[in-house]
Amino acid sequence: MTNNNFEPIPSSLMFKSLLDKDTIIMTANPRIALVMKGIMRAAKDMDAPLIFELARSECNLEGGYAGLTPSDLSRMAREAAKEVGFDMWALHADHIGIKKGDDEDIESTKALVSGQIDAGFTSFAIDASHLFNFQGGNLREELADNIDATTKIGLHIKENMGGREYGLEVEVGEIGREDEHGRVLTSPEEAVTFIKALNENGVFPHFLAIANGSAHGNTYDSNGNLVEQVSIDIDQTVAVAQALKENGLDVRIAQHGITGTPRDLIHNHFPHGDIVKGNVATFYQNIVWDIFKVYEPELYQDIRDWTIATYKEKAPGKGDNEIFGKFSKFAVKQFFDRIYSVADDTKAAIDAMCYAETLLFIKAFNGEGTAQAVREAIN
């Protein structure tokens, strides 16, 4: 199979061909789709597989807070791939969130997934991690609602993909959840119990998102200063991956919340191969805002003023920089037309910066040259 049409391929093919190799698949969030071409050019030049993803909250049938429907995202990604001439990419529906798990929630989620399948998505992440029974007597009881919801959507995907290959990610342990002791971490036993139960129900994931100390978005200290994210518990991550292997489960870790994680830490200390998918999201939005400061100062100031005015009351005691860093993602839809009609030199700067930064991520992920292994496996 040669991908001369530059269409998205299933992430499962990436997973299977790179299983237990010393590499992490570069996974980027094009919340502002102007970042796509630079990211793709870097992946092409490094010959590394790439996954593009947006979460349900960002991209859904109503447009999400990024102002994009699944068909919009699919069209933009395909256009970028053809322009760049890049063949090793997947289109992933990240965080298909299920918050209640009742019939209405499940049916609306099925409708979204059907829309994603119709738009040509090749990979899906079911996130029912919020459904956790704290009164459960054992792990299976605690996870029962998550297992049930994930199974229903997992079987819906399988049925509607009609025998076509696709990648599947599931989530156990809500990313970034905290209790009185700090971040709540997923245990090896929890991960194994969850995956075994899904397998028993006919759902066979490739990637498992776990709570291992990371959080989504930008990270701030108690004084509201932007700081590096170094909270990922590597030992716990390795323990979860090892437990999955020991139980004969071909599932590995999807690492969420990499924005702010130093690339040298990733390169030197991340367990490549135990972590097989590395999500980089808010990082790319931050690039766009930084470029707007210089290339589109009036637009940047309007976005900043709107964000702070709109969310000041929702973040009492927080400084303006932290409010902007955490809530400016909601400005993307609000300023959609102005963002996508910026000058060509602005777009060129975004392209160049995303290219350079993605080279660093792919190097840190040990991704260079690994696309060839995927091609060989496909052929």
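The largest nonpolar core holds 111 residues, of which Y284 and I339 touch the most other members. Such a core is a set of buried Ala, Val, Leu, Ile, Met, Phe, Trp, Tyr and Cys residues joined through side-chain atoms within 4.5 Å; buried means under 20% relative accessible area (1.4 Å probe, protein chains only). Helix α10 (residues 282-295) gives the most to this core, with seven residues. A second, separate core has five residues, including I308, A315, I323 and F327. The model is predicted, with local features requiring pLDDT of at least 70 and side-chain atom pairs pLDDT 80 or more, while totals for chains, interfaces and linings use all residues. Numbering starts from 1 along each chain as its sequence is written, and side-chain values use heavy atoms, without hydrogens and water.

I339 contacts (heavy atoms within 4.5 Å) I32, L34, W289, F292, L299, I303, A331 and V332, leaving aside neighbours within four places in sequence.

Eight strands close into a barrel. Their order is β1-β2-β3-β4-β5-β8-β9-β10, and the pairing is parallel. Neighbouring strands of this sheet are turned by 25° against each other on average, direction ignored. Strands are DSSP runs of E, at least two residues; helices are runs of H or I, at least four, both numbered from the N terminus. Pairing requires at least two DSSP bridges. Three bridges join β8 (residues 207-210) to β9 (residues 252-255). Here A209 stands opposite A254.

Helix α1 (residues 11-18) is largely enclosed by the rest of the structure, because six of its eight residues are buried. These are S11, S12, M14, F15, S17 and L18. Just after α1, D20 takes a positive phi of about 60°.

How values were computed
Buried means under 20% relative accessible area, exposed over 50%, partly exposed in between (1.4 Å probe, protein chains only). Axes are lines fitted to C-alpha atoms, for helices over the stretch in contact, and angles run from 0 to 180 degrees between N-to-C directions.
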